[in-house]
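Please read the report below with the sequence and the 3D structure at hand. It goes through strands, helices and charged side chains in turn.

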Amino acid sequence: MSILAVTDLRASYGRIQILNGVSFEVAAREFVGILGHNGMGKTTLLKTLIGELRASAGRIAFDGQDVTALPAYRRARHGIGYVPQGRDIFPALTVLDNLRMASAAAGSADAAVIDPVLEDFPRLKALLDRPGGALSGGEQQLLALARCLCGRPRLILLDEPTEGIQPSIIEEIVERLAALRDRSGLTVLLVEQNLDFIRALSQRVLLIQKGRITQELTPERLADAAVVGEFIGVSA
């Protein structure tokens, strides 16, 4: 059964149309990647799904319920989490306070939510009193993921999580997300240009061109340089 069903979704910035009828589904516990050239609508799609950008037409159904007209905070309460490109943590707040903000927004007691999340991200335990802005890029990405998980999402929209991050933490993110899928049934929709990362996590990959989903690939096909060059425009 699909946890996310997107039908003929359209969105624009002013008069500039970006999404031109996007349709796809994501099953529960599935990790789906989205690839495409810059400017094809990847980030716009995630922003429209979470409600930061209003859809001009089409339908977004989450767990069978139409959420197209709901504001972002209502979608979050339904179980959709979002980790934007650039991480968007609170740099002046400590790591712990970043996590507390997320648990408060979810209406949960701190310890009940934060302690299990820290077990999944043990690197953060030694950093709880450190300001978020003092962390490395990789540590900030771990914090952004942990903060999102404090909202107890069933679906995470994840935008370019490996950008500017050291390889050791990229491997850690792969391990953590795969473990969460296996243990708790987490579902992820992943926008990413790091082909090794998207191959390691995704069960299938959707290609987006000019605001439409044009093709579906198995992760294995991303090893084909001709496919990557023609449809994605990045190096394999």
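## The sheet and its pairings

Glycine 33 stands across from valine 205 of strand S9. Here helices (H or I, at least four residues) and strands (E, at least two) are DSSP runs, numbered from the N terminus, and two strands pair if DSSP finds at least two bridges between them. The model is a predicted one, in which local features need pLDDT of at least 70 and side-chain atom pairs count only at pLDDT 80 or more, while totals for chains, interfaces and linings use all residues. Residues are numbered from 1 along each chain as its sequence is written, and side-chain values use heavy atoms, with hydrogens and water left out.

Strand S3 (residues 31-35) and strand S9 (residues 204-209) run parallel and are joined by four bridges. S3 is also joined to S8 by four bridges, again in parallel; in this pairing valine 32 has leucine 189 of S8 as its bridge partner. S8 pairs with S7 as well, in the parallel sense and over five bridges. Leucine 157 is the residue that stands opposite leucine 189 in S8.

Contact means heavy atoms within 4.5 Å.

Is H1 mostly covered or mostly open? Helix H1 (residues 42-50) is mostly covered, with seven of its nine residues buried. Buried means under 20% relative accessible area, exposed over 50%, and partly exposed in between (1.4 Å probe, protein chains only). The buried residues of H1 are Lys42, Thr44, Leu45, Leu46, Thr48, Leu49 and Ile50. Just after H1, glycine 51 takes a positive phi of about 100°.

S8 is mostly covered as well, as five of its five residues are buried. Thr187, Leu189 and Val191 are on one side of S8, Val188 and Leu190 on the other, and all are buried.

Proline 84 is in the loop between S6 and helix H3 (95-105). Proline 84 counts as buried because its relative accessibility is 14%.

## Charged side chains

Side chains of opposite charge can pair when their charged atoms come close. A salt bridge is a side-chain nitrogen of Lys or Arg within 4 Å of a carboxyl oxygen of Asp or Glu. The whole structure has 12 salt bridges, and the table lists some of them.

| Arginine 10 | Aspartate 8 | 3.0 Å |

Arginine 204 in strand S9 and glutamate 216 in strand S10 are 12 residues apart, and the pair links distant parts of the chain. Arginine 204 counts as buried at 16% relative accessibility, whereas glutamate 216 is partly exposed at 48%. Salt bridges that share partners join Glu30, Arg204 and Glu216 into one network.

Lysine 125 is partly exposed at 38% relative accessibility, and glutamate 119 is exposed at 51%. In the remaining pair of the table, aspartate 8 is partly exposed at 34% and arginine 10 is partly exposed at 27%.

Aspartate 120 lies in helix H4 (residues 110-120). Aspartate 120 is buried, because its relative accessible area is 10%. Apart from neighbours within four places in sequence, aspartate 120 is in contact with Arg176, Leu180 and Arg183.
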